[in-house]
Amino acid sequence: MTRVQHFNHSPKSFETSSAERIGLLIFYLLALSLFLFASFFDRQVSQAVMDRSSVVGAFFQKYGIFGPNILLFSAFQIIAWVSFFSNYRLLQRFLLTSLFILLATNQLFFSLKGYFAYTLARLLNGQGHSVADPVLGQWLLGIALSAVLSIVFYFYIAQQSDSERRYLLKAAMFGIALVFVVSLVIGDLKLHWGRYRPFQMDAAMRQFTPWYHPNGSNGHYSFPSGHSTSGWLMVYLPFLLPRSWRRQQQFLLMMTVALAITIALSRVRYGAHWLSDVTAASLIVFSMVFLFSRLLGAHFVEAKTAKGQEGSKFF
């Protein structure tokens with residue numbers, strides 16, 4: 001049976017739902033209150049909770065930075081397979097699909113670079129083994145993983161209707177733009193703020209400066225937090241789901257928000273960032289995700305709008 005879609009992504013009909021407004025109000029009240037608190041007690045918080053031996057902190061130090069790569073990989077895969085199922089000529093479809101699969105694979109290799117060897121070494125060290133050729137292993141793993149995930153995305157796009165494919169193509173392009181805009185904003189702030197990290201302080205923390213005191217370009221990049229930026233960028237992932245997949249949107253939203261908060265808190269615990277660093281990144285990036293969602297004309301979790309169903313909205 002053909003699935004009938006009743007979603008209208010027209011900017012004229014799109015409005016922020018009441019549930020989203022409540023969610024935004026809660027988020028900004030909490031985040032701004034935390035930011036105000038951090039403006040006065042940054043140093044005391046880090047002195048109280050910093051632990052450079054934190055297992056969670058060390059884990060996210062290594063693996064909490066891949067949010068942009070995950071988002072770009074997913075967006076490139078979606079564009080690749082939407083192009084494959086398009087009405088373009090065969091040569092155009094082949095070239096576009098191949099190009100964007102290569103771009104996606106590049107994001108995968110970028111994520112694996114260095115971390116494959118690190119992970120393998122950690123796993124084998126306790127067993128007295130050594131890593132024979134981590135570079136070769138990285139290439140083999142990258143190719144195999146890219147092939148498997150490409151097949152998954154092929155079937156994912158294959159089951160979508162034309163209207164959902166058009167939406168997913170637009171969402172993927174917006175996701176790519178989001179990554180680059182956020183990277184520019186956060187990167188520029190990091191470069192010119194020149195804030196020392198907590199673990200770079202001497203015993204008396206004489207190098208400490210509050211977040212509102214930019215130091216200029218001096219080789220220190222604590223403000224805002226890059227790992228927190230990575231975590232909050234993944235909150236855009238629910239927009240890469242079809243608008244009819246409401247339960248999956250809700251589940252992915254909860255998972256990505258929980259992960260973003262965990263990564264942010266782990267950075268304070270590990271002594272890599274001040275509380276104001278992670279709060280500022282959270283505010284900036286979530287605001288950008290929300291702005292792009294309004295331009296896209298999609299909710300974090302869509303309302304039930306199919307005929308015969310009672311409408312309900314989720315954040």
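Contact here means heavy atoms within 4.5 Å. By that rule, residues 24 or more positions apart account for 81% of the contacts in the chain with a separation of 6 or more.

This is a predicted model, in which local features need pLDDT of at least 70 and side-chain atom pairs count only at pLDDT 80 or more, while totals for chains, interfaces and linings use all residues. Residues are numbered from 1 along each chain as its sequence is written, and side-chain values use heavy atoms, with hydrogens and water left out.

## The chain as a whole

The secondary structure comes to 10 helices and zero strands. Helices (H or I, at least four residues) and strands (E, at least two) are DSSP runs, numbered from the N terminus. Read from the N terminus on, the elements run α-α-α-α-α-α-α-α-α-α.

Of the 315 residues in the chain, 45% are buried. Buried means under 20% relative accessible area, exposed means over 50%, and partly exposed lies in between, with a 1.4 Å probe and protein chains only. The accessible surface of the chain is about 16,600 Å², and 67% of that area belongs to carbon and sulfur atoms. Accessible areas come from the Shrake-Rupley method with a 1.4 Å probe; for residues, only the protein chains shown count as cover.

Axes are lines fitted to C-alpha atoms, for helices over the stretch in contact, and angles run from 0 to 180 degrees between N-to-C directions.

| Pair | Angle | Axis distance |
|---|---|---|
| α7 and α10 | about 150° | 10 Å |
| α7 and α8 | about 160° | 11 Å |
| α8 and α10 | roughly 30° | within 8 Å |

Angles under 35 degrees count as roughly parallel, over 145 as roughly antiparallel, 65 to 115 as roughly perpendicular and the rest as oblique.

Helix α7 covers residues 162-193 and helix α10 covers residues 275-296; they pack at an angle of about 150°. This makes α7 roughly antiparallel to α10. Their crossing is right-handed. A crossing is right-handed if the near helix is turned clockwise from the far one by less than a right angle, and left-handed if anticlockwise. Residues of α7 in this contact include Tyr167, Lys170, Phe174, Val181 and Leu189, and those of α10 include Ile284, Met288, Phe292 and Leu296. By class, the contact of α7 with α10 has 17 nonpolar, no polar and one charged residues. Ala, Val, Leu, Ile, Met, Phe, Trp, Tyr, Cys and Pro count as nonpolar, Asp, Glu, Lys and Arg as charged, and the others, Gly among them, as polar.

Phe174 lies in helix α7. Not counting residues up to four places away in sequence, Phe174 touches Tyr236, Phe292, Leu295 and Leu296. Phe174 and Val289 are 115 residues apart in sequence, yet 9.9 Å apart in space, C-alpha to C-alpha.

Helix α8 (residues 226-233) packs against α7 at an angle of about 160°. The two helices are therefore roughly antiparallel to each other, and their crossing is right-handed. The contact is made by Leu178, Val182, Ile186 and Lys190 of α7 with Gly226, Thr229 and Leu233 of α8. By class, it has four nonpolar, two polar and one charged residues.

The axes of α8 and α10 cross at roughly 30°. That makes α8 roughly parallel to α10. The crossing of α8 and α10 is right-handed. From α8, Ser228, Thr229, Trp232 and Leu233 take part, and among the residues of α10 in the contact are Val278, Ala281, Val285 and Val289. This contact of α8 with α10 has seven nonpolar, three polar and no charged residues.

## The loop between α7 and α8

Pro224 is found in the loop between α7 and α8. The peptide bond from Phe223 to Pro224 is cis, with omega near -10°. Met205 is found in the loop between α7 and α8. Although Met205 is not a glycine, it has a positive phi of about 55°. Met205 is buried, with a relative accessible area of 5%.

## Asn69 and Gln107

Asn69 is placed in helix α3 (residues 67-84), and Gln107 in helix α4 (residues 90-112). Asn69 counts as buried at 8% relative accessibility, and Gln107 counts as buried at 12%. Leaving aside neighbours within four places in sequence, Asn69 is in contact with Gln107, Phe110 and Ser111. With residues up to four places away in sequence not counted, Gln107 touches Asn69, Leu72, Phe73 and Phe76. Gln107 and Leu71 are 36 residues apart in sequence and 9.4 Å apart in space, C-alpha to C-alpha.
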